[in-house]
Amino acid sequence: MAGETIAERRQPSVEPLDKRVDHLRGPATARVILEYGDYECPYSRRAFREIEHVEQKLDGEIRFAFRHFPLEEIHPHAFAAAAAAEAAALQDRFWDMHELLFHRQKALEDNDLHGYAAQLGLDVARFDHDRLGSDVLRRIRGDIESGLASGEVRGTPTLFIDGVLHAGSYDAATLLEALAA
């Protein structure tokens, strides 16, 4: 944009992270990658893998946050998968379920999700109750609303670095370059 400084273009354009609500890993003082993702989206799965490479390369010197943005019109199992991740979060196993859902992206039927809960050692009855509950629904809807409110999240994955939209590729090399800037 003409007349706009670099600092003005790099202003945060997404709701700040809230450690009471957001799923976060990595030190609070580190640079942040925030992903709005969909467990049934093959591009979100690729971003998941690339972000894992970034985390390994930076050896814990990055903070990663994930927010749900299920594209239900094209991914009919995405919302149920997000609900499974949130139900697992209520038993302190969000990241384990997050990883499992991306690794098993082609198997997201209810019986698959139930099996993943058992595989992770969750209280399966509680998991089944929680994933259909209003708290989980509200949590996912909150992520979707925050993405829409940013005016930037239209599909998945959408990445932000330190609150600013990352418009480049999401391969590990490009993300590392953006984080070094």
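Helices and strands are here DSSP runs numbered from the N terminus, a helix having at least four residues and a strand at least two. In these terms, Pro16 of this predicted model is placed in the loop between α1 (6-9) and β1 (23-25). With a relative accessibility of 62%, Pro16 counts as exposed, because that value lies over the 50% cut-off. Leaving aside residues up to four places away in sequence, Pro16 touches Asp22 and Arg67, and its C-alpha atom is separated by 16 Å from that of Gly26, which lies 10 residues apart from Pro16 along the chain.

The interior was examined next. In soluble globular proteins, nonpolar side chains tend to be buried together. In the present model the largest nonpolar core has 34 residues, and those with the most contacts inside it are Ile33, Tyr39, Met97 and Leu101. At least two residues of this core are supplied by each of α2 (42-57), β3 (62-68), α3 (78-89), α4 (94-103), α5 (110-119), β4 (158-161) and α8 (172-180). Apart from this core lies another, of 15 residues, including Leu24, Ala65, Phe69 and Leu71.

Two of the residues with the most contacts inside the largest core, Met97 and Leu101, can be described through their neighbours. When residues up to four places away in sequence are not counted, Met97 touches Ala84, Ala85, Ala88, Tyr116, Ala117, Leu120, Leu122 and Phe127. Leu101, found in helix α4, has a relative accessible area of 0% and is therefore buried, the cut-off being under 20%. With the sequence neighbours again excluded up to four places away, Leu101 touches Tyr39, Ala81, Ala85, Leu108, Leu113 and Tyr116.

On the side of α4 the contact is made by Met97, Leu100 and Leu101, and on the side of α5 by Leu113, Tyr116, Ala117 and Gln119. Classed by residue type, the contact of α4 with α5 comprises 6 nonpolar residues, 1 polar residue and no charged residues.

Helix α4 also packs against α2, at an angle of about 125° and with the two axes 10 Å apart, so that α2 is oblique to α4. Here α2 passes α4 in a left-handed crossing. The residues that make the contact are Ser44, Arg45, Phe48 and Glu52 of α2, together with His98, Glu99, Phe102 and His103 of α4. By class, the contact of α2 with α4 has 2 nonpolar, 3 polar and 3 charged residues.

A further contact of α2 involves α8, where the axes of the two helices come within 9 Å and cross at roughly 50°. The pair α2 and α8 is therefore oblique, and α2 passes α8 in a right-handed crossing. In α2 the residues Glu50, Ile51, His53, Val54 and Lys57 meet Ala172, Leu175, Leu176 and Leu179 in α8. The contact of α2 with α8 has, by class, 6 nonpolar, 1 polar and 2 charged residues.

Most residues other than glycine have a negative phi, and most peptide bonds are trans. Against this background, the peptide bond from Thr156 to Pro157 is cis, with omega near -5°, and Pro157 is found in the loop between α7 (134-150) and β4. Asp92, although it is not a glycine, has a positive phi of about 60°. Asp92 is placed in the loop between α3 and α4, and its relative accessible area of 72% makes it exposed. A positive phi, of about 50°, is likewise found at Asp162, which is not a glycine. Asp162 lies in the loop between β4 and β5 (164-165), and is partly exposed because its relative accessible area, 33%, falls between the 20% and 50% cut-offs.

How values were computed:
Residues numbered from 1 in each chain as written. Predicted model: local features only at pLDDT ≥ 70, side-chain atom pairs only at ≥ 80, totals over all residues. Heavy atoms only, no water. Core = buried A, V, L, I, M, F, W, Y, C linked by side-chain atoms within 4.5 Å. Buried < 20%, exposed > 50% of the residue type's maximum accessible area, 1.4 Å probe, protein only. Contact = heavy atoms within 4.5 Å. Axes fitted to C-alpha atoms, helices over the stretch in contact; angles between N-to-C directions. Parallel < 35°, antiparallel > 145°, perpendicular 65-115°, else oblique. Left-handed = near helix turned anticlockwise from the far one by under 90°. Nonpolar A, V, L, I, M, F, W, Y, C, P; charged D, E, K, R; others polar.
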